[in-house]
Amino acid sequence: MRRVSLGLLVALAACAHSTASQSPTPRPFGQPARLDLQRAVAGHPLASMLRQYDANLATLQLIQTPAGLRNLSERIAADVSDAQDVLNAAARQTGAIQIRVPSIPTTGTPADHGEAAVATYRDALQVRNDRALTLRASQLQESQANAAYAFDRTHAGTRLQIRVKLRNLHLEPNDRCRMQAELDALQSQEDRLVAGIRRQDAITLSEFANALQREAISNLNELAGDVEEHRRAAGQLRDDVRTPAAALTLDDRAIALQAYKTSAADITQRLGDVATQNRLAAARLASEMASVQKARAALRSEIVASIETTADAVAGERGLGRVYESNAPAGATDITSSVISHVRSTLMQ
């Protein structure tokens, strides 16, 4: 759509320049004219593109702030800290075990927060998948709009000619039926084109969703397996401490301490990766929103410029004076409808 918008901006600028250079200007002391700029913008042939930009921005804003997940980074940081505290406490207890005269703890065993870590990771994966799927759907909808617009631009001249001929009240019934059939055929062709693209996009979106789901399940199963392995190891270690074996050695304690250290680093890394991906996705989303907002602002600026240039030309042609967009004096002539018609006819040429 950005490439299409760029071409339209050039066309608008050219039309405005042509109108300004070829049409008369308002008379300095002529009767004032009034222009409803908001209505003129809404009636402009490219107003639908402004509405499409607004819809895209609304979709991006929904993706940017999903309900209940605005503090995802803080939640992940808290879970990382909690997991580290639990593993550090277990490591301290393991390090305090006396080899010859074991100190057997009976209470105060650290709670197992493995399920919380898995749940947080699952939530983060779901958020990532939802954002990616919504963004992909928005991109596919944009391609459908581009295809429909390209078709409309290609056949705009033909459609306009047929509609003008159909307005002739003296047109023969057979000719009227034939022309109406041609107009309906063009619309049907456009509908089939968009429907075909929509069907293909639905297949693409479904395959993309399935791929995201398979990847998420694989990642979640991998983490769940690691957490379960850690839980079994921790439970076995607690059982061994409560009933110390005669063969307990310094090597056994060193292995347990290394296992705690490895588990802490692995869980921290995994949750940190989720937080990093979340920040990167947020940055990319902000950049996309800024780009869409900039393109919309540029398009509206050119639309307003072409409307104002056309308004001056219409006022000059009708022998009117200054054109007021607000606070027009009493008795000012409303030229809004004429400006809209002139802009439409100019862009259809």
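Reading a predicted chain

Me: How many helices and strands does the chain have?
Reply: Helices (H or I, at least four residues) and strands (E, at least two) are DSSP runs, numbered from the N terminus. The chain has eight helices and three strands. From the N terminus on, their order is α-β-α-α-α-α-α-α-β-β-α.

Me: What should I know about the model and its numbering?
Reply: This is a predicted model, where local features need pLDDT of at least 70, side-chain atom pairs count only at pLDDT 80 or more, and totals for chains, interfaces and linings use all residues. Residues are numbered from 1 along each chain as its sequence is written, and side-chain values use heavy atoms, with hydrogens and water left out.

Me: Which order do the strands of the sheet have?
Reply: Two strands pair if DSSP finds at least two bridges between them. Here the open sheet of three strands has the order S2-S1-S3, with parallel pairing. Strand S2 (323-324) and strand S3 (333-334) are the edge strands, each pairing on one side only. Strand S1 (residues 33-34) is joined to S3 by two bridges, and Ala33 has Thr333 as its bridge partner in S3.

Me: Is Asn219 buried or exposed, and what does Asn219 touch?
Reply: Buried means under 20% relative accessible area, exposed over 50%, partly exposed in between (1.4 Å probe, protein chains only). Asn219 lies in helix H6 (residues 173-242) and counts as buried because its relative accessibility is 19%. Contact means heavy atoms within 4.5 Å. Not counting residues up to four places away in sequence, Asn219 touches Tyr121, Leu125 and Arg128.
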